[in-house]
Amino acid sequence: MKTERRMKRNVPEFQPPEPKIIESAKLLAEQIPESVIKSLNIITNMFFKKYSNNYIYEINFPIDSLLNQIKYNSFRFLNLYSLSFPPSLSILLPQALKGCHHLTQIEFNSNQSNPIVLKYICDKAFRDTKISSIIIPSSVKEIGSLCFPFCISKIELENGLPELKKIED
């Protein structure tokens with residue numbers, strides 16, 4: 001019997017692009033100024049629609065961002081890999097990240113002078129993502145139904161989620 005010898009392919013290891021925040025990423029020959037990102041209070045339905053044909057490595061909202069609410073379909077079908085939310089975010093409405101099939105990392109940022117105030121993670125908020133783990137901030141009071149993708153393997157509850165009142169099916 002003839003044995004085949006597999007040759008190791010000489011393929012360079014893939015290095016992801018250097019992390020960039022959206023205000024410095026060039027998208028469709030435009031830039032979103034840092035002042036716009038910082039001053040956003042609500043991200044509305046399809047806010048990032050004009051960027052949906054581009055691949056965005058990450059979006060990092062600044063710690064001092066005023067972002068309070070992310071509405072339904074705000075990031076719809078955005079080709080995004082990493083997302084960091086600011087401490088000011090208080091609600092993620094249903095299906096906020098609908099169609100974000102490349103999203104593998106979600107973080108909630110804070111510091112001593114800017115604690116996380118997130119209270120509500122609504123139905124299917126992270127459903128279409130590819131996150132394998134997430135840390136839910138201790139400020140969360142409600143988690144909606146079908147919030148997490150099937151591929152998730154670890155959900156860490158910061159400080160045991162002392163404010164949690166309700167988890168849907």
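**The nonpolar core**

Guide: In soluble globular proteins, nonpolar side chains tend to be buried together. Here the largest nonpolar core has 37 residues, and Phe75 and Phe126 are those with the most contacts inside it. Such a core is a set of buried Ala, Val, Leu, Ile, Met, Phe, Trp, Tyr and Cys residues joined through side-chain atoms within 4.5 Å; buried means under 20% relative accessible area, exposed over 50%, and partly exposed in between, with a 1.4 Å probe and protein chains only. The elements that give two or more residues to this core are β2, β4, β6 and β8 (133–136), and the largest share, three residues, comes from β4. Strands are DSSP runs (E, at least two residues), numbered from the N terminus.

This is a predicted model, in which local features need pLDDT of at least 70 and side-chain atom pairs count only at pLDDT 80 or more, while totals for chains, interfaces and linings use all residues. Residues are numbered from 1 along each chain as its sequence is written, and side-chain values use heavy atoms, with hydrogens and water left out.

Visitor: Which residues does Phe75 touch, not counting residues up to four places away in sequence?

Guide: Contact means heavy atoms within 4.5 Å. Among the residues that Phe75 touches are Ile43, Phe48, Ile59, Leu80, Leu83 and Cys100.

Visitor: What order do the strands of the open sheet have?

Guide: Two strands pair if DSSP finds at least two bridges between them. The open sheet of three strands has the order β2-β4-β6, with parallel pairing. Its edge strands, β2 (55–60) and β6 (105–108), each pair on one side only. Four bridges join β4 (residues 79–85) to β6, and Leu83 stands opposite Ile106 in β6.

Visitor: How many disulfides does a search of the whole structure find?

Guide: A disulfide is a covalent bond between the sulfur atoms of two cysteines. With the criterion of a pair of cysteine sulfur atoms within 2.5 Å, the search finds zero. The sulfur of Cys147 is too far for a bond, because the closest cysteine sulfur, in Cys122, is 7.5 Å away. Cys147 counts as buried because its relative accessibility is 2%.

Visitor: Where is the place of Asp123, and what does its side chain reach at 2.8 Å?

Guide: Asp123 lies in the loop between β7 (120–121) and β8. At 35% relative accessibility, Asp123 counts as partly exposed. Its side chain reaches the backbone nitrogen of Ser145 at 2.8 Å. Asp123 is also in contact with residues including Pro94, Gly144 and Cys147.

Terms used
Polar contact = N/O pair within 3.5 Å; in protein donor to acceptor, adjacent residues only side chain to side chain.
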